[in-house]
Amino acid sequence: MTGGRALLRSPALPWLLSLAAVLAAALLAGRHAERAALADLRRSASATLALHVAAFRTEMQKQGSLPLALASDPEIAAVVSASPDPALLARVDDRLAEIARASGAAVIYVIRQDGTAVAASNAGEPGSFVGASYAFRPYFQQALAEGAGRQFALGTVSGRPGLYLSRRVAGPGGRTGVVVVKVEFDGIEAAWRASWTKGGEAVMVTDPRGIVLVASEAAWRFGTLRPVPDEERRLIRERLEFGDAPLAPVPLHPAADGTLVRVGNGAEPARLAIALDAAIPGTTWRLHTLTRVGVAVARERIQAQVIAGLAVGLACLGLTELVGRRRRLRASLAEAAARRSELEERVRARTQALTEANRQLKAEIAERQRTEAERQRLGRELAHAGRLAALGQFAASMAHEINQPLAAIRSYADNAGILIQRDRLPEATENLAAVGRLTERIAGLTRQLKSFARRASGRRDPVALTGVVRASLEVVEGRLPGIDLALALPEPSPYVLGEGPRLEQVVVNLVQNALDAVAGVQKPRIAITVRVMGERAVLEVGDNGSGLPDGGAQVFDAFFTTKASGLGLGLAISRGIVEECGGTLSAGAGPEGGALFRVELPLAPAGQGAAAAPGVAAAPGAAA
């Protein structure tokens, strides 16, 4: 008795009574809210079911009249004849493809009386239906017998499920056929799947046997709501309706209360759902919806419990709770202000660091641009210096070439004077004409020297590669006597993008290296080949000399040379010129034991090469 009085006087009693009242109110409110939420959810699910049925029926009706319209087309009727015109078949294929794109049908095809598809919207594509036999399909047999048919099945060629709508076609000579429109529901399934993923309802469509045809869950397709008899399974396999689908039961199980079902989803826990279904008008199918109740009902129950608990708790706590909430709010605001100030300070510091880094980056970019410009200038100067150095290597041969015409000119001029004194004017005229030809020869040689020595312009224009080769050979013509020169130059010449004088410098350098390599060979031979490989032109210069040291690993290094008087810059400059033109220069062993240098250059676009042909038929310097 004393303990009971002490408990009544205890300051903890009000708190205990308040807690008991809060729990009781929350429990009662939760139960009432759960029953009300289920009723509301069921009404909402019924409305959603009607919308899904209407939408699915609309999708089917979009294609429903298409087979009837196609069956009355005279050209489609003509293709079911015994031997249709190939041109007619091609026209029908094109029309079917156009109609399929416009109507959204997956495929449209025409079947002959023997069951063979003769025209299709996917003719000519991989997996075309043309030539396939569909005599075993019920929609084909039904259309021939009754005039129209429909069947949902898995495609034997495409492997994709869909609804086949068929209509009989009356062809010439009493022959009949069938036009078929296949409707796929990928778009509807994707929309259903997105809704189910976001917490909406699961949707599926079943036939009278309880087999799932279309579903928001891909794993449910061709599942069953009830067992399928063995005889029916045998017929399904014979008709190839659903391929090798096992027709396994869909993971739906009645809940304990009998009004809900549990939906299994692999390793995930089963979820409670409201199962509703309705017939799809105009078909024997039914549409089923599974509306999840776990989230919605739990939300309503928790909301009701929270509201009831808060109402009772507020009555019990009163001003104490209000004061505590204000105190916590002030502390939270002070903490948020401190965090905001700290964040602003960090943003200012980070902004300052980024500004400094941006300034340094701009300075580095400007310095790199200046360095790159200087590098390009030095490269051009080095290439020009290499060209001038190369002039010294064939100046002696060029002088010999000029001396010979000069001596001949002197002889012809003396003879012409004597012939004029003797009144033999025709013969004197011939001597003077010979002097003119020799003078033009000397002018051509000097033009070659000036063209080869002039500075590069830096432009990249279409250049005839065989013209570059021929001009380069004229530059070194004085060293070619006694050399077995094998040329393989295609006509018309391939055109590459580059600068004629600079490419000519590369070829002259490679040919002179080959001439130096075969200087001591008993039967010297140099082979020059030009050919086209894909989108690139290939120039190869090979010889039968002693070959490259160490397999040519260092020949492109600057100042590396095997010649007593060489500078070691020719090949390095040549590689730089080729790479500036977008190509590559490589070296290796030749088929005759010597060296083989290979130049690959991108071909100029066909239109540019043809337009530039009159001006670049021969590279500069080839006029001689």
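**Backbone, sheet and helices**

Tutor: Leu247 is buried in this predicted model, with a relative accessible area of 1%. This residue is found in the loop between helix H8 (230-239) and strand S8 (252-254). Most residues other than glycine have a negative phi, and most peptide bonds are trans. A second residue with a positive phi is Asp423, at about 60 degrees, although it is not a glycine. Asp423 lies in the loop between helix H10 (319-421) and helix H11 (425-453). At 66% relative accessibility, Asp423 counts as exposed, whereas Leu247 is buried.

The backbone has another feature at Glu491 and Pro492, which are joined by a cis peptide bond with omega at about 0 degrees. Pro492 belongs to the loop between strand S13 (484-488) and strand S14 (495-498).

Five strands make up an open sheet with mixed pairing, in the order S13-S15-S16-S18-S17. S13 and strand S17 (584-589) are at the edges and have a single partner strand each, so one side of each is left without a neighbour in the sheet. On average, neighbouring strands of the sheet are turned by 15 degrees against each other, direction ignored. The pairing of S13 with strand S15 (residues 525-533) is parallel and runs over five bridges. Within this pair, Ala486 stands opposite Ala527 in S15.

Two helices pack on the sheet. Helix H12 (residues 465-475) touches S13, S15, strand S16 (536-543) and strand S18 (595-602), and its direction makes about 165 degrees with that of S15. Helix H13 (residues 500-517) touches S15, S16, S17 and S18, with a direction at about 25 degrees to that of S16.

H13 also meets helix H14 (residues 570-580): their axes come within 9 Å and cross at roughly 145 degrees. This crossing is left-handed. H13 contributes Arg502, Leu503, Gln505, Val506, Asn509, Leu510 and Asn513 to the contact, while H14 contributes Gly570, Leu571, Ile573, Ser574, Ile577, Val578 and Glu580. By class, the residues of this contact divide into seven nonpolar, five polar and two charged.

Methods: Residues are numbered from 1 along each chain as its sequence is written. This is a predicted model: local features need pLDDT of at least 70, side-chain atom pairs count only at pLDDT 80 or more; totals for chains, interfaces and linings use all residues. Side-chain values use heavy atoms; hydrogens and water are left out. Helices (H or I, at least four residues) and strands (E, at least two) are DSSP runs, numbered from the N terminus. Buried means under 20% relative accessible area, exposed over 50%, partly exposed in between (1.4 Å probe, protein chains only). Two strands pair if DSSP finds at least two bridges between them. Axes are lines fitted to C-alpha atoms, for helices over the stretch in contact, and angles run from 0 to 180 degrees between N-to-C directions. Contact means heavy atoms within 4.5 Å. A crossing is left-handed if the near helix is turned anticlockwise from the far one by less than a right angle, and right-handed if clockwise. Ala, Val, Leu, Ile, Met, Phe, Trp, Tyr, Cys and Pro count as nonpolar, Asp, Glu, Lys and Arg as charged, and the others, Gly among them, as polar.
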